[in-house]
Amino acid sequence: GGVLPLDNDFKSVTNYLPAIIIIGIITFIGAMVLEIYKRIKISFLVYFVATLLLFASAIIFIVAMSELTSIGVGSVLGSGYIEVDIPGENLIESINCSWGFTLGLYLILGSSILSGFLFLLRFKEKIFNYRKSEET
C-alpha cells in the first residue's frame, strides 16, 4: 500500500505523448492546407505521417501503462481490492476499485484507425486513377 516513485523512463514517455499527439494533429491540418493548394502528392505523404504519429502515440501509451500497471495492480484492465494507506493515520484500508483505459485512448485509437482506412482508400484511388490514365 505504499507510494513508490515513478521510473524516469515512464515519466519521459508520458511527457512526450501529448507533444506527439499535438504534432499529429498539426500535421493533419498541414496536409489539409497542402491539399487546398493542390499539393496532392505531398499532402498524401503528410496524411500518412500524421496517421502514423497518432497510432504510434496510442501504442506507446498502451505499452507504458502495461509496464506501470504490471508493477502496481497486475494488469491494465481490471478490478479488485487495493490496499490504501490513509495519510496521517496508521491505518491501511482495502478499497474496491476498477481501472482501465478511458475515452481519450479510445478516441486516439479510433481516429488513427479511421485515418488509416481513409489513407488506404485514397491510396487505392490514386493507383486506380494512375492506371486509368496510363490506359488512355
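The model is predicted, so local features need pLDDT of at least 70 and side-chain atom pairs count only at pLDDT 80 or more, while totals for chains, interfaces and linings use all residues. Residues are numbered from 1 along each chain as its sequence is written, and side-chain values use heavy atoms, without hydrogens or water.

Select residues 40-72, helix α2 (a DSSP run of H or I, at least four residues, numbered from the N terminus). Its 33 residues should span 48 Å at 1.5 Å a residue, and the end C-alpha atoms are 48 Å apart, which agrees; the expected span is 1.5 Å times one less than the number of residues. Buried residues of α2 include F44, Y47, T51 and L54 (under 20% relative accessible area, 1.4 Å probe, protein chains only). After α2 comes G74, with a positive phi near 105 degrees.

Next, select F28, Y47 and F101, which have the most contacts inside the largest nonpolar core, a set of 16 residues (buried Ala, Val, Leu, Ile, Met, Phe, Trp, Tyr and Cys joined through side-chain atoms within 4.5 Å). Helices α1 (8-36), α2 and α3 (103-135) each give two or more residues to this core, and α2 provides the largest share, 8 residues.

Keep F28 selected: among its contacts are Y47, A50 and S115 (heavy atoms within 4.5 Å), not counting residues up to four places away in sequence.

Finally, display S111, L114, L118, F119 and R122, which are among the residues lining the second largest pocket. The largest share of that lining, 6 residues, comes from α3.

Definitions and conventions:
Buried < 20%, exposed > 50% of the residue type's maximum accessible area, 1.4 Å probe, protein only. 1 Å grid on protein atoms, 1.4 Å probe; cavity = no way out; pocket = protein on both sides within 12 Å on 5 of 7 lines; lining within 4 Å.
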